[in-house]
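Hi everyone, thanks for coming.

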Amino acid sequence: MGDVGFTIEFGRPGVGVRFRDIQQMCWALAKVNVSFEKKNPITSLMSDVSTGTLREDILNEKVMSAIVEIKVPVERTEEIVRLVWEIEKQLDTVVALGVATRCGEHGEEVVVAPILEKLGYKLQRAKTNIGLGRVVEPTSEPARETANV
């Protein structure tokens with residue numbers, strides 16, 4: 001609660017993206033002190049996460065798509081959206097922005113939605129995680145096959 005996550009996807013559909021364009025966005029994001037997702041593949045390609053700098057040897061490489069994930073306090077939602085809008089105009093690719101936040105216990109979201117609507121977005125739920133997946137301890141019993149009768 002209180003945080004908003006962003007996915008910034010580059011290159012899809014079918015346009016592709018060079019890592020130098022991704023780095024340009026990461027530099028701008030790092031300057032405003034966002035938190036890059038540690039387990040994201042793009043973060044693992046950074047030579048300096050604090051500045052958003054990617055490895056020099058990959059900057060000219062092109063991939064079909066890539067996603068940068070960040071998290072900030074909800075109060076920074078508009079700031080981040082406006083920053084992405086500014087930087088995407090300078091890139092030689094397409095950018096798709098995803099925004100995620102935790103809903104209330106009845107599925108309502110009344111904090112981030114008004115900010116996005118004010119910025120001109122028509123909101124649609126793209127994914128709802130209801131938390132059914134849980135890590136379980138493996139059992140010592142062998143797996144049983146089922147037979148079709």
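Let's start with a question: how many salt bridges does the structure hold? The count is six. Keep in mind that this is a predicted model, so everything I say is computed from that model.

Quick reminder for anyone new to this: side chains of opposite charge can pair when their charged atoms come close.

Take Asp-3 and Lys-71. They form a salt bridge, and their closest N and O atoms are 3.9 Å apart. Asp-3 sits in strand β1 and Lys-71 in strand β7, so this pair ties together parts that are 68 residues apart in sequence. As for accessibility, Asp-3 is partly exposed, at 34% relative accessible area, and Lys-71 is partly exposed too, at 47%.

Next up, Arg-12 and Glu-9. Here the closest N and O atoms of the salt bridge are 2.9 Å apart. Is Glu-9 buried or exposed? With a relative accessibility of 16%, Glu-9 counts as buried.

Then there's Arg-55 with Asp-57, another salt bridge, at 2.9 Å from N to O. Arg-55 is partly exposed at 33%, while Asp-57 reaches 55% and counts as exposed.

And we also have a network: salt bridges link Glu-78, Arg-82 and Lys-118.

Okay, let's zoom out. The protein chain has four helices and eight strands. Reading from the N terminus, the order is β-β-α-β-α-β-β-β-β-α-β-α. There are 149 residues in the chain, and 32% of them are buried. If you look at contacts with a separation of 6 or more, 76% of them come from residues 24 or more positions apart. The accessible surface is about 10500 Å², and carbon and sulfur atoms account for 52% of that.

Now find helix α3, residues 77-88. Its twelve residues reach 17 Å from the first C-alpha to the last, close to the expected 16 Å. Which residues of α3 are buried? They are Thr-77, Ile-80, Val-81, Leu-83, Val-84 and Ile-87. If you look down the axis of α3, those buried residues fall within an arc of 160°, so they line one face of the helix.

So what covers them? The cover includes strands β1, β7 and β8, along with helices α1 and α4.

Technical notes:
Residues numbered from 1 in each chain as written. Predicted model: local features only at pLDDT ≥ 70, side-chain atom pairs only at ≥ 80, totals over all residues. Heavy atoms only, no water. Helix = DSSP H or I, 4+ residues; strand = E, 2+ residues; numbered from the N terminus. Buried < 20%, exposed > 50% of the residue type's maximum accessible area, 1.4 Å probe, protein only. Contact = heavy atoms within 4.5 Å. Areas by Shrake-Rupley, 256 points an atom, 1.4 Å probe, with all protein chains shown as cover. Expected span 1.5 Å × (residues − 1). Arc of directions from axis to C-beta. Salt bridge = Lys/Arg side-chain N within 4 Å of Asp/Glu carboxyl O.
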